[in-house]
Amino acid sequence: MALIGVLSPLRASMRSIAARAVAARSFSSYLVTPKELHEALKKAPPSPISSEPRVIPLCASWFFPNDPQKRTGLDVFIEKRIPKARFFDLDKVIDRHSPYPHMLPSSKGFAAAMSELGIRREDTVVIYDSQELGIFSAPRVGWTMKVFGHPKVHILNNFKLWIEEGLPTESGNVWTIECGTYPIPKMDEDKVASFEEVHEVAIDSNKEGAEGVQILDARSPGRWSGREPEPREGLSSGHMPGSINIPFSAVLDPDTKAFLPADRLKEIFTKAGVDPSKPIISSCGTGVTACVLETALNEAQFGSPEKRKVYDGSWTEWAQRVKPSESLIQKVE
């Protein structure tokens, strides 16, 4: 009887540990609702002293360099955030040797960033955007974590709804984060389209016998057509030959700024003429909102994941590297 008395609390403790571990990986899809995240955080909070898998909210807010209000992601993070959230700086976790913005960091650079954020490989990370934009740069950070093989990563759909549903927030500076040692991962290069690969696709556009790789461009219609300027001064607007313009805002609800339901997303891609049986490369200005399209494709289960890539350098690299004699920057007259 005495032994049973000792084992019973031990078993209860083990069950509690197992339940919390399950809670940390219980999300049923890549997109997570505010309610789901709130419940998961209550079961597996990001405690620095816990050695168990945790749920980590990660703010990835970012704004265009020509933002009229001069906002920064760090500004809105300090102003209002999910309790215990960390901040991923999209302008710093990059390839610092590249002349193009937001290019993927090295494996060592990624591991260093995760270590500094106190994120462990076994943690479930839920990434979110600013309240103002709803969905914008978080999918880029989610895609980056997938490229480097983080096992459990999700996108909150979204912080705007989190606020409207009255869920808890905090504000002010974050002074202490328990750093860790994140293992150096291997990059999944099959998820990344290079300039050379996209260049070949553009050269072969509409040629008989070409593979039929489709390039989706998430920029605004004005930038894609060449009628409006790029946000980066001196960069020509326009589009790649054969590219399909699907502005990233088209896959979001205009009121909630959240991703549209899967059936609506399928309709959008089908109406735009995208063939799910052919390879797809998503592009944009600097590889940020291209990941909004990639996330929408994933949510709609549109196209094989093995045949979908994101063009890391996107239009900023393209417009600076193609030669004028190639006529690979097209405009709508």
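1. A residue is called buried when its relative accessible area is under 20%, exposed when this value is over 50%, and partly exposed in between. Ser314 has 0% relative accessibility and therefore counts as buried. This residue belongs to helix 11, which covers residues 314-321. The structure under discussion is a predicted model, and the classes just given are used throughout the points below.

2. Overall dimensions. For a chain of 333 residues, a compact globule would have a radius of gyration near 20 Å; the value for this chain is 21 Å, which agrees. Along the principal axes, the C-alpha atoms fill a box of roughly 85 × 45 × 40 Å. The secondary structure consists of eleven helices and ten strands.

3. Of the 333 residues, 50% count as buried. The accessible surface of the chain is about 16,200 Å², and carbon and sulfur atoms account for 53% of this area. Among contacts with a separation of 6 or more, 78% are between residues 24 or more positions apart.

4. Charge. The chain carries 41 positive and 43 negative side chains. The centres of these two sets are 6 Å apart.

5. The largest nonpolar core. This core has 54 residues, and those with the most contacts inside it are Leu58, Met114, Ile127, Leu216, Val251 and Phe269. Both helices and strands give two or more residues to the core: the strands are strand 2 (55-59), strand 4 (124-128) and strand 5 (153-156), while the helices are helix 4 (107-116), helix 5 (138-147), helix 9 (262-271) and helix 10 (290-300). Helix 10 supplies the largest share, seven residues.

6. Leu216 and a further core. Which residues does Leu216 contact, leaving aside its neighbours within four places in sequence? They are Ile244, Ile246, Phe269, Val274, Ile280, Ile281, Ser282, Ser283, Leu293 and Leu297. Of these partners, Phe269 is also listed among the residues with the most contacts inside the largest core. Another core, of 19 residues, lies apart from the largest one; its members include Ala40, Ile82, Phe87 and Tyr128.

7. Backbone geometry. Most residues other than glycine have a negative phi, and most peptide bonds are trans. The peptide bond joining Asn157 and Asn158 is cis, with omega about 5°; Asn158 is in the loop between strand 5 and helix 6 (159-164). Lys70, which is not a glycine, has a positive phi of about 60°. Ser314, likewise a residue other than glycine, has a positive phi near 50°.

8. Is Lys70 buried or exposed? Its relative accessibility is 65%, so Lys70 counts as exposed. Lys70 is placed in the loop between strand 2 and helix 3 (73-79). Ser314, by contrast, is in helix 11 and is buried, at 0% relative accessibility.

9. Pro183 is in the loop between helix 6 and strand 6 (192-193). With a relative accessibility of 41%, this residue counts as partly exposed, because that class lies between the cut-offs of 20% and 50%. Not counting residues up to four places away in sequence, Pro183 touches Ala111 and Arg121. Pro183 and Arg120 are 63 residues apart in sequence, while the C-alpha to C-alpha distance between them is 8.6 Å.

How values were computed
Residues are numbered from 1 along each chain as its sequence is written. This is a predicted model: local features need pLDDT of at least 70, side-chain atom pairs count only at pLDDT 80 or more; totals for chains, interfaces and linings use all residues. Side-chain values use heavy atoms; hydrogens and water are left out. Helices (H or I, at least four residues) and strands (E, at least two) are DSSP runs, numbered from the N terminus. The radius of gyration is taken over C-alpha atoms; the globule rule is 2.2 Å times the number of residues to the power 0.38. Buried means under 20% relative accessible area, exposed over 50%, partly exposed in between (1.4 Å probe, protein chains only). Contact means heavy atoms within 4.5 Å. Accessible areas come from the Shrake-Rupley method with a 1.4 Å probe; for residues, only the protein chains shown count as cover. Lys and Arg count as positive and Asp and Glu as negative; His and the chain ends are not counted. The place of a charge is taken as NZ of Lys, CZ of Arg, CG of Asp or CD of Glu. A nonpolar core is a set of buried Ala, Val, Leu, Ile, Met, Phe, Trp, Tyr and Cys residues joined through side-chain atoms within 4.5 Å.
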